[in-house]
Amino acid sequence: MLKPGAVCVVVFVILCVGGWCQKSEPLAVRGEQSLFRGSDRYDFSYVLPAAALECFWHFAHQSGNFYFSYEVQWVTGIGKDRHITATVNSPEGLLMGTSQDVRGQINFRTKETGFFQICLSNFHNRFGSMKVFLNFGVYYDGFEEMQHQKEQEKKQMNDTLAMIETSAARVQSYVFHMWRYYNFARMRQGTDYYLLLSNYNYVTWWSAAQSLVIVLSGFLQLYFLKRLFYTKTTTDTQKPRC
């Protein structure tokens, strides 16, 4: 007689064999239509703990343009070392690029399909965490041109709709690259904001400490000067002796 755990395993195997398990790779469209290759991108901030190693995976098809950029925005701890080690590995485990700086970029053309690994290491700063802004993604050159070439076989050269589609695809590509540069400027703006905030707090507390020291030193000077001119009152019975 089968146990409940064994029944669950058998049902899971049957579902996977029957095609009910979801694949991690995007599914192709049925029919003669090829797999869509547009562009996907991500940008977010992540707080990396002290002496920690964090990795992210991003799917990309072959013959795509993979880009990855980062910038350290703020650091806590004693040493406050802003350097970070960033690496990108291929699905086969090959090192595609590395960077060891406050900010950096890794760009390359994908030669295989799979999940690319992005790793961030904070071993430079063992006693404090850091906030890192990440911007990565993949885009495919020539996709719009290939689609347009297939459609041109069915349409005439002077078709107004084809001209509009070509212009729209070109504008979409320009907007995508503008978005990349905008994100890079956003990273720099965030870093400058946290630096300005840190300097403001430093100047405020340092000025308050200096003001306290000045007031305290003035009080002590007044106290000791008053002690120099202090005279004890005497009476007929309590006269100072020679």
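Student: Why is Phe136 called buried?
Tutor: This is a predicted model. In it, Phe136 has 5% relative accessibility. Buried means under 20%, so Phe136 counts as buried.

Student: What makes Tyr42 partly exposed?
Tutor: Its relative accessibility is 42%.

Student: How many aromatic pairs does a search of the whole structure find?
Tutor: The search finds 13.

Student: Why is the pair of Tyr42 and Phe136 called tilted?
Tutor: The ring centres are 5.8 Å apart. Rings pair if their centres lie within 6.5 Å. The planes stand at 35 degrees. Under 30 counts as stacked and over 60 as edge-to-face, so this pair is tilted.

Student: What parts does this pair tie together?
Tutor: Tyr42 is in strand S1 (residues 39-48), and Phe136 is in strand S8. The pair therefore joins parts that are 94 residues apart in sequence.

Student: Which cluster do ring pairs make?
Tutor: They link Tyr42, Phe44, Tyr46, Phe56, Phe68, Tyr70 and Phe136.

Student: Which residues touch the most other members of the largest nonpolar core?
Tutor: Phe66, Phe68, Ile84, Leu120 and Leu134 do, in a core of 24 residues. Strands S2, S3, S4, S6, S7 and S8 each supply at least two of its residues.

Student: What does Leu134 touch, leaving out residues up to four places away in sequence?
Tutor: Its contacts include Tyr42, Phe44, Phe56, Phe68 and Leu120.

Methods
Residues are numbered from 1 along each chain as its sequence is written. This is a predicted model: local features need pLDDT of at least 70, side-chain atom pairs count only at pLDDT 80 or more; totals for chains, interfaces and linings use all residues. Side-chain values use heavy atoms; hydrogens and water are left out. A nonpolar core is a set of buried Ala, Val, Leu, Ile, Met, Phe, Trp, Tyr and Cys residues joined through side-chain atoms within 4.5 Å. Buried means under 20% relative accessible area, exposed over 50%, partly exposed in between (1.4 Å probe, protein chains only). Helices (H or I, at least four residues) and strands (E, at least two) are DSSP runs, numbered from the N terminus. Contact means heavy atoms within 4.5 Å. Rings of Phe, Tyr and Trp (its six-membered ring) pair if their centres lie within 6.5 Å; planes under 30 degrees apart count as stacked, over 60 as edge-to-face and the rest as tilted.
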